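Subject: Structure handover

Hello,

Here is the structure for you to look over. My notes follow below it.

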Amino acid sequence: MIRVLIADDHALALSGLSAMLDVQPDIEVAGTASDGVEAVAQARRLRPDLVLMDIRMPRLDGIEATRRIRDTPGGGPAVLVLTTFDLDEYVYDALRAGAGGFLLKDAPPGQLAEAVRTVAAGQALLAPAVTRRLIERFLSVPPGRGTALERLTDRECEVLAHVGRGRSNAEIAAALHLSEATVKTHLSRVLAKAGLRDRVAAVVFAYEQGLVRAGEAAPGG
């Protein structure tokens, strides 16, 4: 059973999201919060598997709440950020704060439940085309590799670049003529060497270090 904490300052949104998730046989709404301060407190008290986090909330926004939740010992619960259709300018910062992905607020019930399952399982929710547009919009990277890449081997940099383009391990393995197990090993080493939490952080890092450029093609657009 996946225990979820929902944080949103709109009562109707809270009730609607709760209703959509409560009907799922493998998901339980463990609690709700109406602002970021309450979300952090409830996350520590209830210890949910995942926090469904709105960005724009009073007292403490979803970005700082995400950072505080993810900075707890053991990494804290996973965080899935809710955003509007036109993509809040804060979503990129939320990803950097440790969110495992983001979901549009008008997503249908089935997509919401699947997103919760994906992020709760420790997988990044990266819709390649949307994620790429988001990062390109809010991150400007000068040409050339950053010094943070010096700790990585050439092969690790190649794998990281593919991750940054939103490719799956299977797609990376096919592109580089490697086994999926080898790709996973390289990615694990990248995360460890660069001090990154997860695959989402690796995507952001790839853009920050200039391995991926705005407008580069990726699966899904």
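In what order do the five strands form the open sheet? The order is β2-β1-β3-β4-β5, with parallel pairing. The edge strands are β2 (27–33) and β5 (101–104), each pairing on one side only. From one strand to the next, the twist averages 25°.

Some ground rules. This is a predicted model, in which local features need pLDDT of at least 70 and side-chain atom pairs count only at pLDDT 80 or more, while totals for chains, interfaces and linings use all residues. Residues are numbered from 1 along each chain as its sequence is written, and side-chain values use heavy atoms, with hydrogens and water left out.

Terms, once each. Helices (H or I, at least four residues) and strands (E, at least two) are DSSP runs, numbered from the N terminus. Two strands pair if DSSP finds at least two bridges between them. Contact means heavy atoms within 4.5 Å. Buried is under 20% relative accessible area, exposed is over 50%, and partly exposed lies in between (1.4 Å probe, protein chains only). Axes are lines fitted to C-alpha atoms, for helices over the stretch in contact; angles run from 0 to 180 degrees between N-to-C directions.

Back to the sheet. β3 pairs with strand β4 (residues 78–83) in the parallel sense, over five bridges. Met 53 has Val 81 in β4 as its bridge partner. Helix α1 (residues 11–22) lies across β1 (2–7), β2, β3 and β4. Helix α1 runs at about 165° to β2.

Now Asp 54. This residue is in strand β3 (residues 50–54). Asp 54 counts as buried because its relative accessibility is 3%. Leaving aside neighbours within four places in sequence, Asp 54 contacts Ala 7, Asp 8, Asp 9, Gly 62, Leu 82 and Lys 105.

Gln 42 sits in helix α2 (residues 36–46). Its relative accessibility is 13%, so Gln 42 counts as buried. With neighbours within four places in sequence left aside, its contacts are Leu 5, Thr 32, Arg 47 and Pro 48.

Two backbone points to check. Arg 59 is not a glycine, yet has a positive phi of about 65°. Arg 59 is in the loop between β3 and α3 (62–70), and is exposed at 64% relative accessibility. His 177 also has a positive phi, near 60°. His 177 lies in the loop between α8 (169–176) and α9 (180–194), and is exposed at 74%.

Best wishes
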